[in-house]
Amino acid sequence: MTTPNKSHGRKSIAASLKPRSLMEENRLARAWTAQIITLFPNAFPGVLGESLTGKALREGIWQLETVDLRLFGEGKHRNVDDTPAGGGAGMVLRADVMGRAIDHALGRGAGPLVYLSPRGKRFDQQMARDWAALPGVTMICGRFEGLDQRVIDHYRIAEVSLGDFVLTGGEIAAQAMLDATVRLLPGVLGNADSTADESHSDGLLEHPQYTRPAEWQGRAIPDVLMSGHHGEIEKWRRAQAEALTRQRRPDLWEAYTRRSKGD
Ligand code: SAH
């Protein structure tokens, strides 16, 4: 899936605490850092290794470090899970195993500790902005029935959800959240303006976009976009964004109008 010897700027962390070189240390200090505790380190960087996030990873604007939970497992088989106390279906990730992985990750620094969880606060653009302003983030990907509650309580871990649905593991959620965050880091997007009026940046959904050909399947691009009148184009886009938001997302529209009235 990935090609670890052809570096993606990705570093896997083994359980050893070997001192790293000064150069590496400096690089770590500069770059925005995502640490991911996961049973599936090979799932990273995944799609984050492609396109703009991949380029930024290779350029060292951000870096990704996976912490392989298996290495902190119990016994010969490196067990990481056990049956739920009180009975019931499935398996639960052990507190002691996860605790060791977390201690290892925390020793390396990098941002708030987050557990990806359908019970968490819903991830949104504001959270992406907040994370992008920090040195990085450390994410715990759950599997099975999730994590022993005592770990969450002990480390006061913030639970964050990708949405109101249940995934089999936190890895896809982690990649989605990292994608949204990393694209906000300076130098990741080619055109710094392109985050300014996109959906969710100012509380509105984005206006429709068009490109060549000028006519397709009998459908023309709206005249105003071909007019060259920047003022008119701006007005049209604003009106479209407002209409779309009002129609599709009454919740966002309500918040937007409340803010515009200044209360
Ligand atoms: N039994 C749990 C769900 C476990 S799903 C419950 O009902 O709340 C297994 C793992 O997938 C979770 O530990 C979590 O890390 C991840 N996961 C599932 N849905 C998610 C979501 N909507 N957002 C973020 N992570 C999620």
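Modeller: The protein has 9 helices and 10 strands; helices (H or I, at least four residues) and strands (E, at least two) are DSSP runs, numbered from the N terminus. This is a predicted model, where local features need pLDDT of at least 70, side-chain atom pairs count only at pLDDT 80 or more, and totals for chains, interfaces and linings use all residues. Residues are numbered from 1 along each chain as its sequence is written.

Colleague: OK, what share of the 263 residues is buried?

Modeller: Buried residues make up 27% of them. A residue is buried if 20 or more other C-beta atoms lie within 10 Å of its own, exposed if 12 or fewer, and partly exposed in between, with C-beta atoms placed from the backbone.

Colleague: How many residues of β2 are buried?

Modeller: 7 of the 7, so β2 is largely enclosed by the rest of the structure. Trp-32, Ala-34, Ile-36 and Thr-38 are buried on one side, and Thr-33, Gln-35 and Ile-37 on the other.

Colleague: And which way does β3 run next to β2, parallel or antiparallel?

Modeller: Parallel, with 7 bridges joining β2 to β3; two strands pair if DSSP finds at least two bridges between them. Ala-34 stands opposite Leu-64, and Gln-35 stands opposite Glu-65. In β3, too, 7 of the 7 residues are buried, so β3 is largely enclosed by the rest of the structure.

Colleague: What does Ile-36 touch?

Modeller: Leaving out residues up to four places away in sequence, Ile-36 touches Phe-44, Leu-64, Thr-66, Val-67, Met-139, Cys-141 and Ala-174. Two residues are in contact if their C-beta atoms, placed from the backbone, lie within 7 Å. Ile-36 is also among the residues with the most contacts inside the largest nonpolar core, which has 42 residues. Such a core is a set of buried Ala, Val, Leu, Ile, Met, Phe, Trp, Tyr and Cys residues joined through C-beta atoms within 7 Å. In soluble globular proteins, nonpolar side chains tend to be buried together.

Colleague: Where is Phe-44, then?

Modeller: Phe-44 is in the loop between β2 (32–38) and α2 (51–59). Phe-44 counts as buried because 25 other C-beta atoms lie within 10 Å. Phe-44 and Leu-64 are 20 residues apart in sequence, and their C-alpha atoms are 8.2 Å apart in space.

Colleague: Switching to α6: what span should its 12 residues have?

Modeller: 16 Å at 1.5 Å a residue, and the end C-alpha atoms of α6 (residues 171–182) are 16 Å apart, which agrees. The expected span is 1.5 Å times one less than the number of residues. The buried residues of α6, including Ala-174 and Leu-178, pack against β2, α2, β3, β6, α4 and β7.

Colleague: Is Leu-184 buried or partly exposed?

Modeller: Partly exposed, because Leu-184 has 18 other C-beta atoms within 10 Å. Leu-184 is in the loop between α6 and β9 (215–216). Not counting residues up to four places away in sequence, Leu-184 touches Ala-128, Arg-129, Ala-132 and Thr-195.

Colleague: Last one: how many residues surround the ligand?

Modeller: 19, and the closest are Leu-116, Gly-142, Gly-146, Gly-170 and Ala-173. A residue is near a molecule if its C-beta atom, placed from the backbone, lies within 6 Å of it. Strand β6 (residues 113–122) gives the largest share of the shell, 4 residues.
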